[in-house]
Amino acid sequence: VHRRRHSPTMNFRTVALLVAASSRSTVCGFSPAASSSIAAARFGVHNINNFTVRNMSAASSEPRKAGVSSPTDIKEFVSSAGSSLLVVDVRHPDASVEPGDAKSLAVAGFPDKDSNFRPNAINLPWSRESNSMEVPEVDKDTPIITHCGGGGRGQKAKDYLESVGFTKVLNGGGPKETECWAEYGDK
């Protein structure tokens, strides 16, 4: 049996399906039995214990964080931006600085130009200490989507970039916002 290992292209829904294989509740719209069957069939996973996963589907009772753009707005933005789109990943590579980033990084890794993974994206971590970040070296009218894990720091980064003169910036949330992430996560 070929078992697929975690890869940087594995999306949040896939991870939720894997975890749901041992869950007692519906996750991402799939029942535990269906999740278990899908996970086992696709990835050879038969048991994942001791995890709690909140429903990440659109039907989740947990609302988007303030400022996160809608999937429709993101889709239109990405389409109009074309190849000039820049995705700014503001997550921090050091889990001791931002412990919450470890979860989203397990689902969606940092941009990697060498392997062409997320070719339109760069990592410019948001600093909570200075309430700032490095500014991307692009024209001020470059279309930019900021994101972190779920949108909090993505919004701070969006506000900051606009305060220094960038004119086309959206907060895309992050991998936790699966419908939003689906529109730009591979860029």
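## Strands and helices in a predicted model

User: In strand 4, what is the bridge partner of Ile144?
Analyst: Ile144 has Val169 of strand 4 as its bridge partner. Keep in mind that this is a predicted model.

User: How many bridges join strand 3 to strand 4?
Analyst: Three, and the two strands run parallel.

User: What about strand 1 and strand 3, how many bridges there?
Analyst: Four bridges, with strand 1 (residues 86-89) and strand 3 paired in the parallel sense. Within that pairing, Val88 has Thr146 of strand 3 as its bridge partner, and Asp89 stands opposite His147.

User: In what order do the strands sit in the sheet?
Analyst: The order is 2-1-3-4, in an open sheet of four strands with parallel pairing. Strand 2 (121-123) and strand 4 are the edge strands, each pairing on one side only. From one strand to the next, the twist averages 25°.

User: Back to strand 3. Which way do Ile144, Ile145, Thr146 and His147 point, and are they buried or exposed?
Analyst: Ile144 and Thr146 point one way, while Ile145 and His147 point the other way. All of them are buried.

User: Where does helix 5 lie?
Analyst: Helix 5 (residues 152-163) lies across strand 3 and strand 4, and runs at about 165° to strand 4. Together, strand 3, helix 5 and strand 4 make a β-α-β unit, and the unit is right-handed.

User: New topic, helix 3. Which residues are buried there?
Analyst: In helix 3 (residues 71-81), the buried ones are Pro71, Ile74, Phe77, Val78 and Ala81. They cover an arc of only 125° around the axis, so they are on the same side of helix 3.

User: What covers those buried residues?
Analyst: The cover includes strand 3 (144-147), strand 4 (169-171) and helix 6 (178-184).

User: And which exposed residues are on the face turned away from the buried side?
Analyst: That face of helix 3 carries Lys75, Glu76, Ser79 and Ser80, which are exposed.

User: What follows helix 3?
Analyst: Gly82 does, and its phi is positive, near 60°.

User: Last one, Asp101. Where is it, and is it buried or exposed?
Analyst: Asp101 is in helix 4 (residues 101-107). Asp101 counts as buried because its relative accessible area is 1%, and the cut-off for buried is under 20%.

User: What is Asp101 in contact with, leaving aside neighbours within four places in sequence?
Analyst: Asp101 is then in contact with Arg91, His92 and Arg153.

Terms used. Residues numbered from 1 in each chain as written. Predicted model: local features only at pLDDT ≥ 70, side-chain atom pairs only at ≥ 80, totals over all residues. Heavy atoms only, no water. Buried < 20%, exposed > 50% of the residue type's maximum accessible area, 1.4 Å probe, protein only. Contact = heavy atoms within 4.5 Å. Arc of directions from axis to C-beta. Pairing = 2+ DSSP bridges. Axes fitted to C-alpha atoms, helices over the stretch in contact; angles between N-to-C directions. Right-handed = clockwise from strand over helix to strand, strands pointing away.
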